[in-house]
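I opened the model today and kept notes as I went. The entries follow the order in which I looked things up.

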Amino acid sequence: MHRDVAAPPSDPAREPAAGWAPRPAPARFVAALAQERAVLAPMAGYTDAPFRRLARAFGAAWAVTEMVSARSLALGDARGLAISAPHEGETDVVVQVFAADPDEAAAAVARLHAAFAPAAFDLNMGCPVKKVLHRGCGAELIRDPQRAAAIVRAIGAAVPVPVTAKTRLGLDRVEAHEVAHAVVEAGAAILAVHGRTAAQRYAGSADWAAIAELAAALPVPVLGSGDVTDARGMARARAAGVGAMIARGALGRPWVFRTVRGGPPPTRSEVVGVAWRHARDHVAWYGGEHALPRLRGQLAAYAVAALGADAGSEPIDPRRGRDATGLRDALMRASRLAEVGAALREATGIEPEREDLDPLPGASPCPPAWTGWQGRRPRRSSTAERRWLAPTID
Ligand SMILES: Cc1cc2nc3c(=O)[nH]c(=O)nc-3n(C[C@H](O)[C@H](O)[C@H](O)COP(=O)(O)O)c2cc1C
């Protein structure tokens with residue numbers, strides 16, 4: 001396989017870096033897991049500041065950013081700072097980096113730490129995307145435990161906060177035991193495991209028996225990831241002896257962090273209020289309505305929740321007559337915030353901007369010092385990302 005990254009420095013760099021002592025998971029993370037709160041999993045293109053803020057408001061234990069490229073940050077690109085920047089008051093964000101080279105990883109996290117001091121850094125060892133694998137990053141690290149451990153050590157030596165890691169079960173078979181032990185020995189304080197192989201991508205069901213087996217062999221807290229969408233999923237994680245991470249099940253449904261703990265489903269008014277606030281915060285964060293297309297997939301999911309079974313206990317005014325498909329189409333066409341509000345109002349008869357529905361403080365813009373895209377369009381979600389979303393909006 002082609003690699004455009006040099007092999008990690010030999011033996012000396014593989015030894016524990018001077019002054020590096022592994023740090024345990026932050027006490028508040030451990031306490032949140034003990035309360036059986038689920039964690040918002042990293043999702044490229046989705047777990048930005050406005051979405052993380054909603055997830056936390058509904059009870060997510062903590063939230064992981066979209067993955068950022070260590071190499072780009074190490075080379076001076078600012079985009080990674082913007083992608084992972086915390087919202088106002090978000091003091092415990094976990095920033096995920098993908099890296100193949102320990103020195104680049106160290107330089108990247110030092111830069112991020114200087115910018116906004118995240119609570120922890122997470123190493124991506126699960127991304128199955130070819131262009132990431134070809135650089136020796138993501139799931140490629142599963143078959144290179146020495147390199148993965150060297151990256152964890154380098155991150156730990158560069159910043160004074162805990163390091164965590166997230167892996168899949170393997171590349172094309174269950175084989176993550178060695179890399180899991182290597183990164184834990186190197187100091188990783190928490191390991192998250194997506195219960196699929198990279199070859200499976202997102203197909204089939206996550207293998208929770210394999211997650212449980214891996215977790216039982218490790219001396220650190222483990223988070224299981226895959227198909228958790230309700231209280232039964234939480235119970236399955238508990239039975240496996242691990243905490244739960246939620247990814248797709250939270251898209252357009254941030255209240256899932258409440259319902260997985262046995263909390264009430266959202267009322268229709270709440271869904272409308274949350275959809276509106278998400279759109280409003282998104283526009284405020286990205287500095288303009290040009291950013292709305294990036295939210296389309298989630299707005300579509302909100303449409304289903306607003307008119308579908310999620311909020312079924314609240315009757316719809318029959319004179320409104322719009323079904324979820326009509327609302328979804330209207331939301332996906334919306335290029336202005338006012339159109340989002342009008343579509344929600346028209347389809348449900350509920351006023352989205354009612355202050356008493358607002359579960360959150362006011363929206364904040366991404367601080368200019370961290371934006372790599374001020375004045376530029378944020379990227380639209382890719383076809384692949386829209387495919388991932390599809391199961392949640394059908
Ligand atoms: C659109 C999308 C983007 C993702 N991006 C990342 C990422 O940046 N880093 C990562 O470790 N996992 C990423 N994942 C994997 C998720 O964190 C999670 O492990 C996986 O989706 C299984 O959980 P789920 O069944 O709850 O979706 C992504 C998944 C999706 C659907």
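**Entry 1: the parts.** I began with the inventory: the protein has 17 helices and eight strands. I noted that this is a predicted model. Of the 394 residues, 54% count as buried. I also looked up how far apart in sequence the contacting residues are. Among contacts between residues at least 6 apart in sequence, 74% join residues at least 24 apart.

**Entry 2: the sheet.** In which order do the strands lie in the sheet? I read off β1-β8-β7-β6-β5-β4-β3-β2, an open sheet of eight strands with parallel pairing. I reminded myself that strands of a sheet pair through backbone hydrogen bonds, either parallel or antiparallel.

Next I checked the edges. β1 (39-40) and β2 (68-69) each have a single partner strand, so one side of each has no neighbour in the sheet.

**Entry 3: β7 and β8.** I looked up strand β7, residues 222-225, and strand β8, residues 243-246. Three bridges join them in the parallel sense. Opposite G224 I found A244, which belongs to β8.

**Entry 4: around β5.** Is β5 enclosed or open to the outside? I found that eight of its eight residues are buried, so β5 is largely enclosed by the rest of the structure.

I then went through the partners of β5. On one side, β4 and β5 pair in the parallel sense over five bridges. L123 has A165 in β5 as its bridge partner. β5 is also joined to strand β6 (residues 190-197) by six bridges, and these two strands run parallel. For K166 the bridge partner is A192 in β6. I traced how the chain gets from β5 to β6: it passes through helix α9 (residues 177-185), and this β-α-β crossover is right-handed.

One more helix belongs in this entry. Helix α8 (residues 145-158) lies across β4 (120-125) and β5 (163-170). I noted an angle of about 165° between α8 and β4.

**Entry 5: the ligand.** How many residues surround the ligand? I counted 24, and the closest are A41, M67, H194, A247 and R248. I then sorted the residues of this shell by type, which gave 11 nonpolar, eight polar and five charged. Of the closest residues, I marked H194 as lying within the stretch 190-197 that I had written down for β6.

Note on methods: Residues numbered from 1 in each chain as written. Predicted model: local features only at pLDDT ≥ 70, side-chain atom pairs only at ≥ 80, totals over all residues. Near = placed C-beta within 6 Å. Nonpolar A, V, L, I, M, F, W, Y, C, P; charged D, E, K, R; others polar. Pairing = 2+ DSSP bridges. Helix = DSSP H or I, 4+ residues; strand = E, 2+ residues; numbered from the N terminus. Contact = placed C-beta atoms within 7 Å. Axes fitted to C-alpha atoms, helices over the stretch in contact; angles between N-to-C directions. Buried ≥ 20, exposed ≤ 12 C-beta atoms within 10 Å, placed from the backbone. Right-handed = clockwise from strand over helix to strand, strands pointing away.
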